[in-house]
Amino acid sequence: MNQYDVTVIGSGPGGYVAAIRCAQLGLKTAIIEKYPTLGGTCLNVGCIPSKALLDSSEHYHNAHSVFQDHGIGLENLTVDMNRMIDRKAGVVKANVDGISYLMKKNKIDVITGVGSFIDKTHISIAPTAGGEAQQIETKNVIIATGSKPTVLPFIAQDKQRIITSTEALNIREVPRHMIVIGGGVIGLEMASVYARLGAKVSVVEFLDSLIPTMDRGLGKELKRVLGKIGIEFFLSHKVTGATREGDSVTVTALNPKGEEVKFEGDYCLVAVGRVPYTAGLNLEAAGIEMEERGRIKVDAHLQTNVPGIYAIGDVIRGAMLAHKAEEEGVFVAETIVGQKPHINYLLIPGVVYTWPEVAGVGYTEEQLKEQGKAYKIGSFPFKASGRARASGDTDGFVKVLADKTTDEILGVHMIGPRIADLIAEAVTAMEFRASAEDVARMSHSHPTYAEAMKEACLAATENRAIHM
Ligand code: FAD
Ligand code: NAI
């Protein structure tokens, strides 16, 4: 029987990063993945394919609706969905092949099959393609089995017309009318893809705001801007059912007055969150305790109640984000060898890859109010940015929240061009506990979108913004 220092179950961004860090630290490491390709949700059916389609659809939208402003004329513009989806598959392949290469480079044993506990130190791997199960012995286990889409019990998903994000990444036609249940991250990214390609898109959201866990100002501005590309929003609507007949779907919901409304379309995307995935792990055999909502219970070291067994990523509490899972993978590997790593959960940024992009880090204004914290706001709109005027991306703003007394930056919330990258400046500043004035006094190259961050910090510092 093969013996390992560490066995990682699941090869998503949590699992494969944990395996690499373990190998770097000299631990004999195995990684078990039930699918034939590595990379988990993120690389196969999540972050990477969704961004590939967001980029493709944005090119089309710009060619269709924005190029004219720049004096560029195009005739006979077409969309070839087969080619777009094939390109996305190629992007995914390049990324998952990259992970296989990294496993080889780091001498990590990759075992394909479903991993399940025999006891605390023995794992059985049942090959998904048939054949004999094998067993391994291991000193430590890192569970990184991720999550799957939440199912609404009153909706039968046939995965052809009533679909999850996985199928929404593979539609080889432009839908006539896509009805999206859920105005969260997946709902709005996929709504953007198909609205840009010419589909009618209706988003039906239970709460009274889009991306409700982010700073409220962001959802409000995003709704206004996405409305300009034709997406219709139905907030405070409680979905009661979705049915399919032939190629048509009907979604029923109760509007804020309690009246039943109907949406007719050809696709219904259900995007109402994700739930931890632990099926097949046989956690009971190792005596591993769970907590609410199907999550594996872990302590401050991300260790379960069983010494030597850890869990990371979507399968435990916290934001379901690839970069959160990655940080936790490194954290556990370093903990196993006796180091004292640290994760600052407050500073894990959240990003939505619509256009304009949306990002936030630190406390939202709503959280500061709830805490009774005295804060000040500095805000700068992209319509006052020279760089944004040059590119024609003047929607959105940067909002900086700083401590009223000490001026320490407490939260940064942005909506605008390329701010998925710009948020990194806010994370760095906050990690070093910068004041708004610290950032306001740093040189930002001109003309850049990043100047909006400097200006928002200036605005928070005695209202000193220069270009507003
Ligand atoms: P996962 O990536 O889910 O990987 C878990 C792996 O474990 C899977 O490969 C699974 O097959 C395997 N597994 C499960 N059980 C077993 C078993 N018993 N034996 C063997 N293998 C097993 N996050 C971002 O930060 N940025 C984004 O832009 C982003 N976009 C997204 C877009 C979509 C459409 C979706 C669905 C998600 C997106 N996410 C994004 C979220 C991100 O994908 C997840 O947070 C991330 O993948 C979680 O990583 P993980 O390692 O915990 O689990
Ligand atoms: P989400 O939690 O972001 O949004 C779900 C939305 O559905 C919420 O607004 C919620 O109020 C609404 N909702 C719930 N039940 C409903 C109902 N019955 N009717 C109508 N609306 C309802 O979840 P989503 O979009 O499914 O994404 C899942 C996870 O994947 C997220 O937690 C996110 O972290 C991750 N993800 C991250 C991305 C990124 O970082 N850019 C992109 C896509 C996903």
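Which residues is Ile143 in contact with, leaving aside its neighbours within four places in sequence? I began my notes there. The model is predicted: I took local features only at pLDDT of at least 70 and side-chain atom pairs only at pLDDT 80 or more, while totals for chains, interfaces and linings use all residues. Residues are numbered from 1 along each chain as its sequence is written, chains are lettered from A and ligands numbered from 1 in the order in which they are written, and side-chain values use heavy atoms, with hydrogens and water left out.

**Entry: Ile143 and the cores**

I counted a contact as heavy atoms within 4.5 Å. Ile143 is in contact with Ile9, Phe117, Leu281, Leu283, Ile288, Ile296, Ile309, Tyr310, Ala311, Ile312 and Val315.

Next I looked up the largest nonpolar core. A nonpolar core is a set of buried Ala, Val, Leu, Ile, Met, Phe, Trp, Tyr and Cys residues joined through side-chain atoms within 4.5 Å. Buried means under 20% relative accessible area, exposed over 50%, partly exposed in between (1.4 Å probe, protein chains only). The largest core has 53 residues, and Phe117, Ile142, Ile143 and Ile288 have the most contacts inside it. Helix 1, residues 13-24, gives the most to this core, with seven residues. Helices (H or I, at least four residues) and strands (E, at least two) are DSSP runs, numbered from the N terminus. I also found a second, separate core of 38 residues, which includes Met178, Val193, Leu222 and Tyr267. In soluble globular proteins, nonpolar side chains tend to be buried together.

**Entry: Arg21**

I stayed with helix 1, where Arg21 lies. The side chains of Arg21 and Gln24 are joined by a polar contact of 2.8 Å. A polar contact is a pair of N or O atoms within 3.5 Å; within protein, one must be able to donate a hydrogen and the other to accept it, and residues adjacent in sequence count only if both atoms are side-chain atoms. Not counting residues up to four places away in sequence, Arg21 touches Val330, Ala333, Glu334 and Gln339.

**Entry: ligand 1**

How many residues are around ligand 1? I noted 39, with Glu33, Thr41, Lys51, Gly115 and Ala322 coming nearest. A residue is near if one of its heavy atoms lies within 4 Å. Helix 2 gives the most to this shell, with four residues. An oxygen atom of ligand 1 is 2.9 Å from a polar backbone atom of Ala322. Taken alone, ligand 1 exposes 1000 Å², and the protein buries 94% of that. Accessible areas come from the Shrake-Rupley method with a 1.4 Å probe; for residues, only the protein chains shown count as cover.

**Entry: ligand 2**

I then turned to ligand 2. It is surrounded by 23 residues, the closest being Ile186, Glu205, Gly273, Met320 and Val351. Helix 6, residues 185-196, gives the most to this shell, with four residues. A backbone N or O atom of Val351 lies 2.7 Å from a nitrogen atom of ligand 2. Taken alone, ligand 2 exposes 840 Å², of which the protein buries 78%.

**Entry: Thr250**

Is Thr250 buried or exposed? I found Thr250 buried, because its relative accessible area is 19%. Thr250 lies in strand 13, residues 248-254. A polar contact of 2.9 Å joins its side chain to that of Glu264.
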